[in-house]
Amino acid sequence: MSVRFVKSSVTACGLAPSEEGRALRLVELCGRTAYKSEDKITGDSAKKFVLMLKSHGHLSVLEHSNIVLRVEKDPATPQSAQSASISLDVMLEALRERLGFHRLYPLDSGNGFLLAGNFRAWVETLDHLKERAEMHDFLLQGLGRFFPAIFPEASGREPREASFRISLVSEDEQLELLKTSPSLDLPVFVFRFVCDRGITHEVVRHRVFSFTQESTRYVNYGNKGMVLILPEELNGAYDDATGELAPQDPLASKWLERAELLFEWYGEDLARGLRPEIARDILPNLLKSELFASGRWSGWKHFIRLRDSAQAHPRIRLLAKEVRTYFEGLGLRC
Ligand SMILES: Cc1cc2nc3c(=O)[nH]c(=O)nc-3n(C[C@H](O)[C@H](O)[C@H](O)COP(=O)(O)OP(=O)(O)OC[C@H]3O[C@@H](n4cnc5c(N)ncnc54)[C@H](O)[C@@H]3O)c2cc1C
């Protein structure tokens, strides 16, 4: 049979990693979801894939990541050297226009700040700072120390801004800071949703998140068969173990008949030479789609409030409930 039904599902992928190898593998997985080319993932494919995305300017996939830096004055630096270097105020002023893409929190000591952003935000912030060589090089050296594959330009250079030091805030520390002080919205949480195209369209309205989604332009379902999300009214006729619909159920047979017809038209259009991106016009809203969504706690809290609600569509509510359960497991409640 060329048409199958599956149920919606959620995979919580945890915090965007603070270690480069794992971070690159996550970005690769998200990126390959768009083309359904996960079978090309190997032990050492991630770096090459992510650098290819970076060099092609396909930066939205690089958003499924997070680098949190702690920038603080080095108490060991003599006062005379400190006055010669860039001040905290100059640094903050230089970053002002980019703050929409970062999270910035002053340290309680008043001697520095925490600055979080995904790979894309940092790449574009460095570009923004390229006229301000001192500040640019200082941040680049810090980033390159922890993420040398993404920021290779930094390697081998001596730090020029000696009065500040940069350290990396690990995932565990980010989570601890968020739990003790919920306004420190530092970690990025990544979820993989399997749902229908109607629901992905609702999820991507949440603009504060980053998304990568299976592409109906590039995936050729003629080769793979068509997978649809199970409509609720077929729950009773669905066998969870086999993924089969009961053939004697009249409603299930009607659904299968309709779906097979649509898939047949799709196949006919491909056969007469249309590309998948055009043949997709006949594909239904129920088409199964995979979607990665990444964002901070404030965004997910808002998502849960809007979508785990009686007013929401039952299938996005199902996703939101799972997201809520994940955060409750971490001790974070809306
Ligand atoms: C029950 C329900 C019914 C809906 N019905 C419809 C409908 O009929 N038609 C329709 O088009 N949509 C509909 N939507 C979608 C809805 O309008 C929002 O697009 C979606 O819920 C995302 O919400 P948001 O904009 O608050 O979230 P996000 O985009 O994630 O934004 C989160 C927060 O960021 C801030 N923010 C983000 N972007 C901006 C910005 N550009 N300017 C200012 N502040 C910003 C705001 O503080 C916002 O609360 C519906 C949603 C729900 C839950």
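A residue counts as near a molecule if its C-beta atom, placed from the backbone, lies within 6 Å of it. With that in hand, look at the ligand: around it sit Arg205, His206, Arg207, Val208, Gly299, His302, Leu306, Gln311 and Ala312. By class, this shell has 3 nonpolar, 4 polar and 2 charged residues. Here Ala, Val, Leu, Ile, Met, Phe, Trp, Tyr, Cys and Pro count as nonpolar, Asp, Glu, Lys and Arg as charged, and the others, Gly among them, as polar.

Keep in mind that this is a predicted model, where local features need pLDDT of at least 70, side-chain atom pairs count only at pLDDT 80 or more, and totals for chains, interfaces and linings use all residues. Residues are numbered from 1 along each chain as its sequence is written.

Now for the domains. The assignment, which is automatic or from a database, gives domain 1 (3-16 + 188-329) and domain 2 (67-180). Taken over C-alpha atoms, their centres are 40 Å apart. Where they touch, domain 1 brings 4 residues and domain 2 brings 5 residues; two residues are in contact if their C-beta atoms, placed from the backbone, lie within 7 Å. On the domain 1 side, 3 of those residues are nonpolar, 1 is polar and none is charged.

On to two helix pairs. Helices are DSSP runs (H or I, at least four residues), numbered from the N terminus. Their axes are lines fitted to C-alpha atoms over the stretch in contact, and angles run from 0 to 180 degrees between N-to-C directions.

| Helix pair | Axis distance | Angle |
|---|---|---|
| α12 (residues 297-307) and α13 (residues 314-329) | 9 Å apart | about 135° |
| α1 (residues 20-35) and α2 (residues 46-55) | within 9 Å | roughly 65° |

How do α12 and α13 lie to each other? They are oblique, a word for angles that are not under 35 degrees (roughly parallel), over 145 (roughly antiparallel) or 65 to 115 (roughly perpendicular).
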